[in-house]
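Take a walk through this model with the structure open beside you.

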Amino acid sequence: MLNGKRVLLIVTGGIAAYKTPELVRQLIKAGASVRCVMTKGAEQFVTPLTLSSVSGDKVYTDIFSLTDEHEMGHINLSREADVLLVAPATANTLAKMAHGIADDLATTLLLATDKPVLVAPAMNVRMWEHDATQDNVELLKARHVTMIGPDEGDMACGEWGEGRMSEPADIVASLGAFFDAHAPLKGRKAIVTSGPTVEPIDPVRFIANRSSGKQGHAIAEALRDMGADVTLVSGPVNLPAPSGVNLINIETARDMKAAVDAALPADIAVCAAAVADWRVDSEADQKLKKDNSKDNGGIPTLTMVENPDILAGLSQPGPNRPALVVGFAAETETVIEHARAKLAKKGCDWICANDVSPETGTFGGDANTVHLVSRTGIENWPNQSKRAVARQLAERIGNYFTDLNTSDQVEC
Ligand code: PMT
């Protein structure tokens, strides 16, 4: 439900903080990764060590910690999250959020973030019902902060009423519903190609390349995380099958084309596979034998023929053309020029140009430097993990469809 989502959990000083280890556990079980920030008050109810143990990550408590600033920087805590979840959120924290007070790490992050914020309030019923708190809640809602709960029930102070923090399972479900409602690619179908193709010479030998599938698989996962219904067509790779994605394993370029064609129609196609441009004209039925008595010392001559171009096929105008077709250009020299030429020749909408010279480690490595080339310009992205490239590309794709929807509405 929360596959791949990065949750920054801000724990503030209410008795309900004792439920946060269970909340972290359930968030992780739902597929999220969780990093925790605690206020001094929260440390009275649950220890940083507990939350660090269940989250498997460092817990951040101090805005003035030199080591934390050096390692991470407090702004990066928010940059590296998809959502900020404040649970429990005390009346005091809600008041600080509403009035822009930033006097510790938690409230500074909440003031500095541009990410969605969800809060699960927890406090005594009278504090919850107080006009000051209710006014603060209305202010925060008007600023698109999402409230989860509070629930009604027995309170730690012995009273009964509204103010209990929602149960961890309900908070996880609310977060899932939030992401569902904000999935810009919900209802969109995407096809992603990934990995190498393998072109047989005879029953035991083949021609292939060094693609690991890391980039293509990460793109399939990022599109899935944005709500798309993803078909991933992959050559042989050594990666686990991504959950929630329809994986089709193939070997040759011709298999890949057949699988892609069978997955049409689609709204989005991203061709990250390293498809062999050529294959051996006629695969030998039996293993080729060395026969030194033959001409040329028995060394076979392989005649190559061209493989179908899957990206160019997808880009052809017609009823089955996806609304957005994205190719990759794997280059070892004059990267941008070659990418522009490929964009024109293949007829796709965008090309992700990447330098695959051996010294870059792009083939098989964990990082990539992409230049997004379109007919209107070029964006130079930083060197970053392939997962980060995938997220950036998925976000760009999400924006593309959001803009498309908006312009449709304006035209109506
Ligand atoms: O798999 P990794 O180890 O993570 O490495 C990632 C990557 C380097 C393979 C990836 O980032 C990448 O660059 N993929 C495209 C590789 C490639 O074959 O590039 P190309 O410039 O030769 O082809 C241009 C485009 O046409 C690509 O989108 C390719 O998928 C597509 N193509 C090429 C030939 C063909 N017959 N059919 C195609 O669809």
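Asp57 is partly exposed in this predicted model. Its relative accessible area is 23%, and the cut-off for buried is under 20%. The side chain of Asp57 meets that of Arg35 in a salt bridge, 2.9 Å from N to O. This pair links distant parts of the chain, 22 residues apart. Asp57 sits in the loop between helix 2 (48-55) and strand 3 (59-60), and Arg35 lies in strand 2 (residues 33-38). Arg35 has 19% relative accessibility, so Arg35 counts as buried.

The structure holds 20 salt bridges. Another of them joins Arg321 and Asp349 through their side chains, at 3.1 Å from N to O. Arg321 is partly exposed at 22%, whereas Asp349 is buried at 18%.

Asp261 and Lys257 also meet in a salt bridge, at 3.0 Å from N to O. Both are in helix 11 (residues 253-263), 4 residues apart, so about one helical turn separates them. Asp261 is partly exposed at 37% relative accessibility. Lys257, at 24%, is partly exposed as well. Elsewhere, Lys19, Arg164 and Glu167 are linked in a network of salt bridges.

Now turn to the ligand.

Look at the polar atoms next. A ligand nitrogen is 2.9 Å from a polar backbone atom of Pro308. A ligand oxygen is 2.7 Å from a polar backbone atom of Gly364. A polar side-chain atom of Lys386 lies 2.8 Å from an oxygen of the ligand. On its own, the ligand has 770 Å² of accessible area, and the protein covers 96% of that.

Finally, move to the surface. Ile15, Tyr18 and Phe45 form a nonpolar patch there, with about 320 Å² of accessible area together. Tyr18 lies in the loop between strand 1 (6-11) and helix 1 (20-29). Tyr18 has 52% relative accessibility, so Tyr18 counts as exposed.

Conventions: Residues numbered from 1 in each chain as written. Predicted model: local features only at pLDDT ≥ 70, side-chain atom pairs only at ≥ 80, totals over all residues. Heavy atoms only, no water. Patch = residues over 30% accessible without salt bridge, like charges linked within 9 Å, V, L, I, M, F, W, Y side chains within 5 Å. Areas by Shrake-Rupley, 256 points an atom, 1.4 Å probe, with all protein chains shown as cover. Salt bridge = Lys/Arg side-chain N within 4 Å of Asp/Glu carboxyl O. Helix = DSSP H or I, 4+ residues; strand = E, 2+ residues; numbered from the N terminus. Buried < 20%, exposed > 50% of the residue type's maximum accessible area, 1.4 Å probe, protein only. Polar contact = N/O pair within 3.5 Å; in protein donor to acceptor, adjacent residues only side chain to side chain.
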